[in-house]
Amino acid sequence: MSIHVHNFAVVQLPVKNLEVSIKWYRDVLGIPFTFEFSPGDNEAWLNVGGVGLGLIRCPEVPRLDFTDMVGQAQPIISLQVDRIHEVYEELKSKGIEVGEMTYKRGGGYSFRFRDPDGNLNHLWGGWPSAEDEERNA
């Protein structure tokens, strides 16, 4: 038998205040529930394109980002969105502190922000179009 991992099934995030995190991931980022949530539950399950995102209530939330060799903070999770420029402006208009929109040749547009527990998150607009590549040459 040969093992073949073909997809992520679940990503779990420790959170201090589950209800605040649900509002953030569901209401701000638009991620729907996978299973029904009832107040008092210690976990909530959302669905990111078929991958479970578990928000797990914890007494302490560890730091879930790291610093690379050039001193830049890197997120553990990166989520893909459509219309990244519109998403960026929408989050800013809601008073959410977002990092600078960046463009990586061959990699497209992205930006970073932190969730209510301080977890560094990254939104990516998908692979760049030929027009994007030309505009950013």
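Which residues does UniProt list for "domain: VOC" in this protein? The unreviewed entry gives residues 7-126; UniProt positions follow the numbering used here, feature names are shortened, and annotations may be inferred rather than shown by experiment. Residues are numbered from 1 along each chain as its sequence is written. What you see is a predicted model, where local features need pLDDT of at least 70 and side-chain atom pairs count only at pLDDT 80 or more, while totals for chains, interfaces and linings use all residues; side-chain values use heavy atoms, with hydrogens and water left out.

**The overall picture**

Let's start with the whole protein. It has 3 helices and 9 strands. Here helices (H or I, at least four residues) and strands (E, at least two) are DSSP runs, numbered from the N terminus. Read from the N terminus on, the elements follow the pattern β-α-β-β-β-β-β-α-β-β-β-α. The C-alpha atoms fill a box of roughly 50 × 50 × 30 Å, taken along the principal axes. Over residues 7-126, the chain is 18% helix and 37% strand, with its end C-alpha atoms 18 Å apart.

Two strands pair if DSSP finds at least two bridges between them. Axes are lines fitted to C-alpha atoms, for helices over the stretch in contact, and angles run from 0 to 180 degrees between N-to-C directions.

β1 and β3 (residues 51-57) run parallel and are joined by 6 bridges. In β3, L55 is the bridge partner of L13. Contact means heavy atoms within 4.5 Å.

**A sheet of four strands**

Another open sheet holds 4 strands in the order β6-β9-β8-β7, and its pairing is mixed too. β6 and β7 (102-104) are at the edges with a single partner strand each, so one side of each has no neighbour in the sheet. Inside this sheet, β8 (residues 108-114) and β9 (residues 120-124) pair in the antiparallel sense over 5 bridges. R114 has L120 in β9 as its bridge partner. Helix α2 lies across β8 and β9, running at about 25° to β8.

**Spaces in the model**

On a 1 Å grid over the protein atoms alone, a cavity is a set of points where a 1.4 Å probe fits but cannot get out, and a pocket is an open set with protein on both sides within 12 Å along at least five of seven lines; lining residues have an atom within 4 Å of a point. Grid points are joined across faces, edges and corners, and a volume is the space filled by probe spheres set on the points. Nonpolar means Ala, Val, Leu, Ile, Met, Phe, Trp, Tyr, Cys and Pro; charged means Asp, Glu, Lys and Arg; the others, Gly among them, are polar.

| Space | Volume | Lining by class |
|---|---|---|
| Largest cavity | about 40 Å³ | 6 nonpolar, 2 polar, no charged residues |
| Largest pocket | about 330 Å³ | 9 nonpolar, 2 polar, 6 charged residues |

The cavity lining includes L13 and L120, while α2 gives the most to the pocket lining, with 4 residues.
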